[in-house]
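Dear colleague,

I am handing over the structure we spoke about, and below it you will find an account of what turned up in it. Please read the text alongside the coordinates.

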Amino acid sequence: MITEAKKDVIKATIPVLEAHGTEITTTFYQNMFVAHPELLNIFNQTNQKVGNQPKALAMTVLAAAKHIDNLEAIVPHVVGIAHKHRALEIKPEHYPIVGKHLLEGIQEVLGDQATPEIIDAWGDYYNQIAQVFIDVEQDMYQSAAWDGFRPFTVKKKEFMTPDIVRFTVDSDEVDKSFTAGQYITVKVKPADYPYEALRHYSICSNKTVDGITFAVKREGTDDTKGVVSNYMHDEIEVGDALFLSAPAGDFKVDEDHSSLLFIAGGVGATPVMAMAEEAIAKGNDVKFLYSAINETHLPFKDQFETLEAEGADIRIKFSESEGYLNREDFVGNEDREIYICGSMVFMNAMITELNEMGVDDSRIHFEPFGPKMSLQKV
């Protein structure tokens with residue numbers, strides 16, 4: 001365990017992390033990829049390019065520093081990140097590499113401010129945190145539905161909107177059980193891309209008769225084109241093989257919750273769609289608020305119709321201004337347990353609105369599509 005003296009050193013670096021955290025983590029990633037280009041087969045390069053991953057890591061490091069006297073406070077964040085690590089096949093041998101380049105990033109950005117005392121304290125603390133991740137991930141590897149990336153055959157490819165495709169994939173070799181709200185991870189190697197590329201996609205139905213179903217939105221602009229999503233849309237067809245790692249993720253409906261409100265925007269409907277299907281099958285009181293820009297961009301029409309026929313209260317709102325919901329849409333639902341998914345901007349808007357209505361954070365559960373720590377309060 002880290003000594004009290006070193007804890008004091010870590011606490012003293014909090015203002016520096018707040019001021020330079022993203023610069024440090026950006027430098028860390030750049031240096032690590034130069035030294036270990038094989039890791040480019042694991043990390044999402046689009047998130048690196050637009051700055052999401054460095055920001056998320058900076059906030060994780062900051063949270064660890066702020067809660068050094070009570071690491072249990074960040075356990076929920078550790079578990080969420082550990083699920084992604086297991087899905088990406090991050091192993092114990094990767095942690096020393098990360099630690100080495102993180103410390104070097106601190107030294108490079110801070111210069112003379114990064115005294116040997118600070119580097120030594122952070123080295124010890126990083127090792128402590130890394131071991132927490134390793135232990136949590138070991139349990140996840142042991143309980144995973146299958147090992148590594150396994151081949152699945154594409155059975156269906158359905159264009160639900162101009163930019164969202166629903167895939168159904170199947171395999172006779174693995175146990176396809178999962179918890180509604182979880183995601184699978186796809187590994188592909190586009191012909192014009194120098195690395196393997198891995199992406200997480202939420203499972204969008206709890207029904208597995210035909211296989212596992214997930215949806216992919218075409219992402220990116222000309223500058224940050226989504227490598228995997230565009231490849232999936234343009235190249236993957238029925239009959240092709242896709243390599244998937246086992247379902248992962250801790251976004252799920254608590255068994256004690258029976259009066260539920262699901263809120264989603266755009267492709268964010270994917271995990272909550274499966275959760276709503278599971279909840280209505282259990283006889284729960286389900287309301288689903290969904291926002292889309294217009295009817296052309298309304299996916300999952302068949303699943304919404306089935307949910308409504310089975311007793312769910314479905315409300316769909318169209319709005320050209322990002323399709324956002326607002327306070328009027330939430331009135332009368334403040335006492336429900338709330339599950340939300342969507343983009344970072346959507347998530348922040350929804351949570352802020354609910355908080356201003358007096359809904360406590362303890363009843364708001366969310367899964368943002370992006371690095372989770374960049375949304376969390378720390």
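Predicted model: local features only at pLDDT ≥ 70, side-chain atom pairs only at ≥ 80, totals over all residues.

I begin with helix α10, which spans residues 301-309 and in which Q303, F304 and L307 are buried. These residues cover an arc of only 100° around the axis, which puts them on the same side of α10. On the other side of this helix, E305 and A309 are exposed. The buried residues of α10 are covered by elements that include the strands β2 (164-170), β8 (285-292) and β9 (313-318), together with the helix α9 (269-281). After α10 comes G311, and the phi of this residue is positive, near 115°.

A search of the whole structure finds three cavities of 30 Å³ or more, and the largest cavity holds about 60 Å³ of space. Its lining consists of L17, G21, I24, T25, A58, V61, L102 and I106. Three helices, namely α2 (14-35), α4 (52-66) and α6 (94-110), each supply at least two residues of that lining, and α2 gives the most, with four residues. Sorted by class, the lining of the largest cavity has six nonpolar and two polar residues, while no charged residue takes part in it.

With kind regards

Key
Residues numbered from 1 in each chain as written. Heavy atoms only, no water. 1 Å grid on protein atoms, 1.4 Å probe; cavity = no way out; pocket = protein on both sides within 12 Å on 5 of 7 lines; lining within 4 Å. Points joined across faces, edges and corners; volume = space filled by probe spheres on them. Nonpolar A, V, L, I, M, F, W, Y, C, P; charged D, E, K, R; others polar. Buried < 20%, exposed > 50% of the residue type's maximum accessible area, 1.4 Å probe, protein only. Arc of directions from axis to C-beta. Contact = heavy atoms within 4.5 Å.
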